[in-house]
Amino acid sequence: MDIPTHPPTPLDYVGDGPPTYAPEPTALPPADPDDLDDLVADTVLDGARYGASTLRAVSLRGDSARYRGEPRRDSLLTARFGTGEHALILVAMATGARATPGAHRAAAEACHWIGRAVGRSHGRLADDIRAARRGDLKSGLHRLTDRSLGKLRASAAEQGIEPEEYAATLRCLLLPADPECRTRVFFGVGAGGLFRLRGGEWQDIEPRVTDLTGDPVVGFGSLPAETPEGDRLTMDLGIPTPPSPYDPAPEPPREPFRFRASVARPGDTLLMCTGGLADPLRGEPELAAHLTGRWSAPEPPGLAEFLADTQVRVKGYADDRTAAAVWEA
């Protein structure tokens, strides 16, 4: 496939017509003079370059929230733990529950808790990634995620509200700074998207609950279809056993943990995003085609260009958008 030397001009919107709302922010969220730390900026933008990879990350308020003067429910955290080739870069993004007053706080808290957890374990995590210890990575990150989201449930109890009123999705990328390590690790809980642009085509690589890896990583195997004795292995369908009348009622089912580890190839672009961008990317082919053209140039976009690309609007999709993309040299 021919790769364009110059990307096409950014667009305001794609699809069969302009969105309902204006393209720029309208109303600011209400402010409490005694709690100004609770304010959330309309847009945050970040980026970095380590080894063979270039990172771009953005979180912006959706058209609906901009019009109604509501705070951005999405939160974004980018952090480097460690130094030199042993450093580990974390990108975390969260979306607070819809129609709840503390949604933006829950999302920010989820990002901060997972950031603390990863930061305190970054040395071991970086070693596991370089050594391709898939089992250790998956189980360790599952524990860290459960603990972080458990903090939200504890916070809800302290506030005297139901857990679902102070909840958030959580999606994370781990990127080793070591230029010799091309393993990229995704993990999280909740809706959103994980996509890869390879050879001019988008691949939806969002892991199902049973998906474990992307392209093969040394030591990152999967269970066989049957045992050496010939017994077929079956999956756990998640159907709970009927409760005993003597036992307390079970908790509502929680969102499954998702994990994927894959090896990047030169020329790949890996995109992790919340539902605000994942949904229109899956639902509007014109948006996917536009981003293919924009992001297939030899050099990754600058911060301002990346912001312009991620805020191309689609009628019917007005939620916050948070995205992190990694270009592989």
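Predicted model: local features only at pLDDT ≥ 70, side-chain atom pairs only at ≥ 80, totals over all residues.

Biologist: OK, pockets. What volume does the largest pocket have?
Modeller: The largest pocket comes out at about 950 Å³.

Biologist: And how many residues line the largest pocket, and which lie nearest its centre?
Modeller: The lining has 35 residues. Nearest the centre of the largest pocket you'll find Ala167, Ala168, Thr169, Val189 and Glu255.

Biologist: Which one gives the most?
Modeller: Helix 4, with five residues in the lining of the largest pocket.

Biologist: How does the pocket lining divide into nonpolar, polar and charged?
Modeller: There are 13 nonpolar residues, 13 charged ones and nine polar ones in the lining of the largest pocket.

Biologist: Switching to helices. You mentioned helix 4; how does helix 2 pack with it?
Modeller: Helix 2 (residues 103-120) packs with helix 4 at an angle of about 140 degrees, and their axes are 9 Å apart.

Biologist: So what do you call helix 2 and helix 4, given that angle?
Modeller: Oblique to each other. Roughly antiparallel needs an angle over 145 degrees, and the angle here is about 140 degrees. The crossing of helix 2 and helix 4 is right-handed.

Biologist: Which residues make the contact?
Modeller: On helix 2, Ala106, Glu109, Ala110, Trp113, Ile114, Ala117 and Val118. On helix 4, Leu144, Thr145, Ser148, Leu149, Lys151, Leu152 and Ser155. That contact of helix 2 with helix 4 has nine nonpolar, three polar and two charged residues.

Biologist: Back to helix 5. How does it cross helix 6?
Modeller: Their axes come within 5 Å and cross at roughly 100 degrees. That angle makes helix 5 roughly perpendicular to helix 6. Leu277, Pro280, Leu281 and Gly283 of helix 5 touch Pro285, Leu287, Ala288 and Leu291 of helix 6. The contact of helix 5 with helix 6 has seven nonpolar residues, one polar and no charged ones.

Biologist: And where do the axes of helix 6 and helix 7 run relative to each other?
Modeller: Helix 6 (residues 285-295) and helix 7 (residues 303-310) have axes that come within 11 Å and cross at roughly 165 degrees, so the two are roughly antiparallel. Their crossing is right-handed.

Biologist: Which residues meet there?
Modeller: Leu291, Arg294 and Trp295 in helix 6 meet Glu305, Phe306, Asp309 and Thr310 in helix 7. The contact of helix 6 with helix 7 has three nonpolar, three charged and one polar residue.

Definitions and conventions
Residues numbered from 1 in each chain as written. Heavy atoms only, no water. 1 Å grid on protein atoms, 1.4 Å probe; cavity = no way out; pocket = protein on both sides within 12 Å on 5 of 7 lines; lining within 4 Å. Points joined across faces, edges and corners; volume = space filled by probe spheres on them. Helix = DSSP H or I, 4+ residues; strand = E, 2+ residues; numbered from the N terminus. Nonpolar A, V, L, I, M, F, W, Y, C, P; charged D, E, K, R; others polar. Axes fitted to C-alpha atoms, helices over the stretch in contact; angles between N-to-C directions. Parallel < 35°, antiparallel > 145°, perpendicular 65-115°, else oblique. Left-handed = near helix turned anticlockwise from the far one by under 90°. Contact = heavy atoms within 4.5 Å.
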